[in-house]
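Dear colleague,

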Amino acid sequence: MTRLVIANVALPEGLRDVEVVDGVITGIGDRLTTTGSDAVDGRGGALIPGLHDHHLHLHALAAAWESVRCGPPDVRNSDELAEALESAPGAGDADWVRGVDYVETVAGLLDRETLDQLHTRRPVRLQHRSGAVWFLNSAAAAAVDLANGDHPGVERDASGEPTGRVWRADTWLRERLGATRPPALATVGTELARFGVTAVTDATPDLPAGSLAHLLAEHTSGALPQRLHLLGAGTDTEGLPSTITLGPRKIVLADSDLPDFPTLCRWVRDTRDRGGGVAVHSVTRESLLLLLAAFDEVGTHPDDRIEHGAIIAAETATELCRRGIPVVTQPGFIADRGDDYLDRLDPHDAADLYRCRTLLDAGVRVALSSDAPYGPTDPWSVIAAAAARTAPDGRIVGGGERIDRHTALRLYLAPLPTPGADPRTVAVGAPADLVVLDCSVDEALTIGSDAVRCTIIRGRVVHHR
């Protein structure tokens, strides 16, 4: 038996001690004995349930931290991009340059030839910040034999030559690169724990067997201590620990290549035949309306969910509520790139971006998430973004969609399998996935992640300062 006492923490009922035995909260009271147990002194700070990030990409996040930043604020024009690529770490001309966060405002929509003008000495693969497309220079295209690539995402010009753009083909490209295993996740686990994140939903579609095995190994070893909910790992739970669950099937409605209505209905129906729901990537109003029509044709499932909901018309919120479909959204994008949205999107679309207040008022279940590495990982910054709706240049993006910070925090506290459900609480019998703050919740919502002093997962302290 392992016992932990979290002493002198602020709960809604006042200062209390919390007892944890074998990863479960077993007692809440005054002056609980710490004899024969580990102890954490809360020093009067608030104790809250651990935060759950309902949509991110673990392996991509680990890889991004080892990559060259190729978009604002680090890189703002083609000269700075060329300099960043030239100075990328690497010992020789054969060493790959991996760039992330690229956006068209830096140097336009890249292809093989335009990227060659920026860098030819080493093979370069550069990812758009949406995660939807990779840009390869000629050296990179030759290294992966792009000319003979058989993936449908390999874009070709009128003569059949590859343009250097590869759409939604991460797994295929990694295999062409000869990568033997995904990147280690210890840094990701440590960083998430520092933010108070105790559980995550990995939204990577069609997770390969090797990536799933790697996730399992990193989780089992403790390198990635967070509980995991997987959207791209199928339905076979054999061999999985209770701390890893399988969610609905991830379907990507790519704005660049929407399926026709019969095809989408077939995808959803195939999932229904296996008894499951779907988690559907939708970032345009057209894709969302297509999805709702497919749900009407095929029927809904309790586990259905919408990922992103980047653009949702106000009248569509009522339709989502009527069908009982939750939305997992990312208002952190407003603070991260709202100025770019305002400059490039139709004003009608910009007004409908990453809604929160309209959805909640309509009765739609909403959960918040990061979409890291494509959005900011820190959940406290996402909470602040949901409340302020302020772009980097100070302009307001959809001010009517603001929600207060307490509401935003609650949207990070729903159980992983049920985004938008009632928030978890600190209660006897609940799993001991907890965060000790340096201060009150009110103060923490202003301070941000620096207020997180201790993170506990399954009764084990995984972060303490």
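Leaving aside its neighbours within four places in sequence, T329 is in contact (heavy atoms within 4.5 Å) with H308, G309, Y354, R355, C356, V366, A367, L368 and S369. T329 belongs to strand β19, residues 327-329, where strands are DSSP runs of E with at least two residues, numbered from the N terminus. With a relative accessibility of 1%, T329 counts as buried, a word that stands for under 20% relative accessible area, as computed with a 1.4 Å probe on protein chains only.

Please bear in mind that this is a predicted model, in which local features need pLDDT of at least 70 and side-chain atom pairs count only at pLDDT 80 or more, while totals for chains, interfaces and linings use all residues. Residues are numbered from 1 along each chain as its sequence is written, and side-chain values use heavy atoms, with hydrogens and water left out.

Next comes a sheet. Four strands, in the order β6-β13-β14-β15, form an open sheet with parallel pairing, two strands being paired if DSSP finds at least two bridges between them. Because β6 (51-56) and β15 (244-246) stand at the edges with a single partner strand each, one side of each is left without a neighbour in the sheet. Direction ignored, neighbouring strands of this sheet are turned against each other by 15 degrees on average, with axes fitted as lines to C-alpha atoms.

Within this sheet, β6 pairs in the parallel sense with β13 (residues 197-202) over 4 bridges; L51 stands opposite V197, and H52 has A199 as its bridge partner. A further 4 bridges join β13 to β14 (residues 227-230), again in parallel, and here A199 stands opposite R227.

The largest cavity has a volume of about 40 Å³, a volume being the space filled by probe spheres set on the points. Its lining (residues with an atom within 4 Å of a point) consists of A64, R69, V100, D101, Q127, H128, R129, P373 and Y374, which divide into 4 nonpolar, 2 polar and 3 charged. Both β8 (97-102) and β9 (124-128) supply at least two residues of that lining.

With kind regards

Definitions and conventions:
Axes are lines fitted to C-alpha atoms, for helices over the stretch in contact, and angles run from 0 to 180 degrees between N-to-C directions. Buried means under 20% relative accessible area, exposed over 50%, partly exposed in between (1.4 Å probe, protein chains only). On a 1 Å grid over the protein atoms alone, a cavity is a set of points where a 1.4 Å probe fits but cannot get out, and a pocket is an open set with protein on both sides within 12 Å along at least five of seven lines; lining residues have an atom within 4 Å of a point. Ala, Val, Leu, Ile, Met, Phe, Trp, Tyr, Cys and Pro count as nonpolar, Asp, Glu, Lys and Arg as charged, and the others, Gly among them, as polar.
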